[in-house]
Amino acid sequence: MIIALLQILHMLLQVGIWIIIVQVILSWLVAFNVVNMSNNFVRSVYMGIERLLSPLYRPIRRFMPDLGGIDLTPMVLMLAFIAGQMLIGGAINQIAMG
């Protein structure tokens with residue numbers, strides 16, 4: 001039972017990593033005018049991802065130094081998710097081994 005819950009948490013962290021990647025790529029496409037924010041679908045996807053990730057970015061941004069136009073917050077969150085996955089993977093292995 002506990003292994004199944006840990007595996008679900010591991011999967012959710014992986015989905016979170018992919019959402020961050022999509023958000024970063026979409027923000028670059030918007031910044032370089034490859035996609036237009038006046039398109040309802042693009043705006044809806046962009047705003048939905050922003051609303052989803054904003055509460056996760058906010059505490060990290062309080063501690064990150066201001067680097068001008070460079071935002072390293074997504075990378076820090078991805079590294080935290082990867083570290084969480086590694087910890088969960090280790091816990092799953094320990095539980096499975098006995």
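This is a predicted model: local features need pLDDT of at least 70, side-chain atom pairs count only at pLDDT 80 or more; totals for chains, interfaces and linings use all residues.
Me: Why is Gln23 called buried?

Reply: Its relative accessible area is 7%. Buried means under 20%, exposed over 50% and partly exposed in between, with a 1.4 Å probe and protein chains only, so Gln23 is buried. Gln23 is found in helix α1, a helix being a DSSP run of H or I with at least four residues, numbered from the N terminus (strands are runs of E with at least two).

Me: What makes the pair Gln23 and Glu50 a polar contact?

Reply: Their side chains are joined at 2.7 Å. A polar contact is a pair of N or O atoms within 3.5 Å; within protein, one must be able to donate a hydrogen and the other to accept it, and residues adjacent in sequence count only if both atoms are side-chain atoms. The value of 2.7 Å for Gln23 and Glu50 falls within that limit.

Me: How do you know whether Gln85 is buried or exposed?

Reply: Gln85, in helix α3, has 10% relative accessibility and therefore counts as buried.

Me: Which classes do Val45, Leu87 and Asn33 fall into, and why?

Reply: Val45, in helix α2, has a relative accessible area of 28% and is therefore partly exposed. Leu87, in helix α3, reaches 65%, so Leu87 is exposed. Asn33, in the loop between α1 and α2, is at 68% and so is exposed as well. Asn33 also has a positive phi of about 55°, although it is not a glycine.

Me: Why is α2 called roughly perpendicular to α3?

Reply: The two helices pack at an angle of about 105°, with axes 10 Å apart. Axes are lines fitted to C-alpha atoms, for helices over the stretch in contact, and angles run from 0 to 180 degrees between N-to-C directions. Under 35 degrees counts as roughly parallel, over 145 as roughly antiparallel, 65 to 115 as roughly perpendicular and the rest as oblique, so the α2 and α3 pair is roughly perpendicular. In this packing Leu56, Tyr57, Ile60 and Arg61 of α2 meet Thr73, Pro74, Val76, Leu77 and Phe81 of α3.

Me: What makes up the largest nonpolar core?

Reply: A nonpolar core is a set of buried Ala, Val, Leu, Ile, Met, Phe, Trp, Tyr and Cys residues joined through side-chain atoms within 4.5 Å. The largest here has 13 residues, of which Ile20, Leu53, Tyr57, Leu77, Phe81 and Ile88 touch the most other members. Two or more residues come from each of α1 (2–31), α2 (40–63) and α3 (73–97), and α1 gives the most, with five. Leaving out residues up to four places away in sequence, Phe81 touches Leu13, Gly16, Ile17, Ile20 and Leu56.

Notes
Residues are numbered from 1 along each chain as its sequence is written. Side-chain values use heavy atoms; hydrogens and water are left out. Contact means heavy atoms within 4.5 Å.
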